Amino acid sequence: MAKIKFGMMMTDASGKLGGQVFAKNRGGSYVRTKATPLNPQTSSQMTIRGIFASISSAWSSLAESSRLSFNNFVADYARTDIFGDLRNPSGKALFQRLNQNLVLTNQPQITICVAPEVVPFANLDTVNGNVGDTELIVSAVGNTTGSRVMIWATPSLSQGKSFVKNDLRLVDVIDGADTFDSNIWAAYSEKFGAPTAGANIHVGVRVVNANGQASPLEVKKATIVA
């Protein structure tokens with residue numbers, strides 16, 4: 001569905017409308033013909049879809065008091081949309097968002113919503129990969145004790161690519177700590193194959209607390225050495 005922002009005249013648009021897609025890049029807004037991508041239905045995709053479907057179904061079985069707790073907190077969990085406007089989620093969307101984060105980080109799901117808390121940053125410091133030592137070390141210096149940390153990564157990308165959000169895939173989840181140095185070589189290799197010398201990859205971390213709130217994604221690039 002296309003999103004259109006109106007002023008005295010239409011000032012912005014985003015999304016799909018008919019056979020056209022409204023989008024923007026560094027050069028400004030543009031319209032392109034909609035292309036239907038292939039749906040490979042990988043095991044990871046099917047797992048995520050199954051999680052989402054299960055959580056969506058669970059909403060209907062909640063007690064009315066539980067649903068009300070999510071409905072009452074939607075304004076506290078508002079997010080800024082693509083136009084920079086603050087938007088409230090629905091109670092069901094909030095339930096899905098928080099519990100999907102919890103499932104992906106192997107934490108118990110919630111049926112009662114509570115007021116949002118400040119989620120700690122991992123403060124991603126360095127990412128260093130070494131083929132000879134079979135190490136891909138992700139280091140963070142923030143105190144994330146009591147939370148879980150999702151570690152995302154990309155396959156090897158071209159040197160000049162800077163927008164990598166759509167290339168990131170979840171490769172590992174670890175316990176939070178006051179600081180950490182996590183070797184994700186095995187987890188990365190299982191997802192993408194073993195890194196090779198000279199490969200340029202991007203690694204991201206996101207902290208999820210026990211309420212399902214997630215910190216913004218922190219991303220750094222690393223070049224694998226021999």
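**View 1. The largest nonpolar core.** A nonpolar core is a set of buried Ala, Val, Leu, Ile, Met, Phe, Trp, Tyr and Cys residues joined through side-chain atoms within 4.5 Å. In this predicted model, the largest such core has 23 residues, and Leu 136, Val 138, Ile 151 and Val 203 make the most contacts inside it. Two or more residues each come from strands S7, S8, S9, S10 and S12 and from helix H4. Strand S12 gives the largest share, four residues.

**View 2. A closer look at Leu 136.** Which residues does Leu 136 touch, leaving aside those up to four places away in sequence? Among them are Val 127, Trp 185, Tyr 188, Ile 201 and Ile 224. Apart from this core lies another, of 18 residues, including Ile 51, Leu 94, Trp 152 and Val 208.

View 3. Helix H2 spans residues 64-72, and its buried residues are Ser 66, Arg 67, Ser 69 and Phe 70. Seen down the axis of H2, these residues fall within an arc of 150°, so they line one face of the helix. On the face turned away from that buried side sit the exposed residues Glu 64, Ser 65 and Asn 72.

**View 4. An aromatic cluster.** Here you can find Trp 59, Phe 70 and Phe 95, which form one aromatic cluster. The rings of Trp 59 and Phe 70 pair edge-to-face, 6.1 Å centre to centre with 75° between the planes. Phe 70 and Phe 95 also form an edge-to-face pair, at 5.2 Å and 90°. Phe 70 lies in helix H2 and Phe 95 in helix H3, so their pair ties together parts that are 25 residues apart in sequence. Phe 70 counts as buried, at 0% relative accessibility, and Phe 95 is buried at 2%.

Technical notes. Residues are numbered from 1 along each chain as its sequence is written. This is a predicted model: local features need pLDDT of at least 70, side-chain atom pairs count only at pLDDT 80 or more; totals for chains, interfaces and linings use all residues. Side-chain values use heavy atoms; hydrogens and water are left out. Buried means under 20% relative accessible area, exposed over 50%, partly exposed in between (1.4 Å probe, protein chains only). Contact means heavy atoms within 4.5 Å. The arc is that of the directions from the helix axis to the C-beta atoms. Rings of Phe, Tyr and Trp (its six-membered ring) pair if their centres lie within 6.5 Å; planes under 30 degrees apart count as stacked, over 60 as edge-to-face and the rest as tilted.
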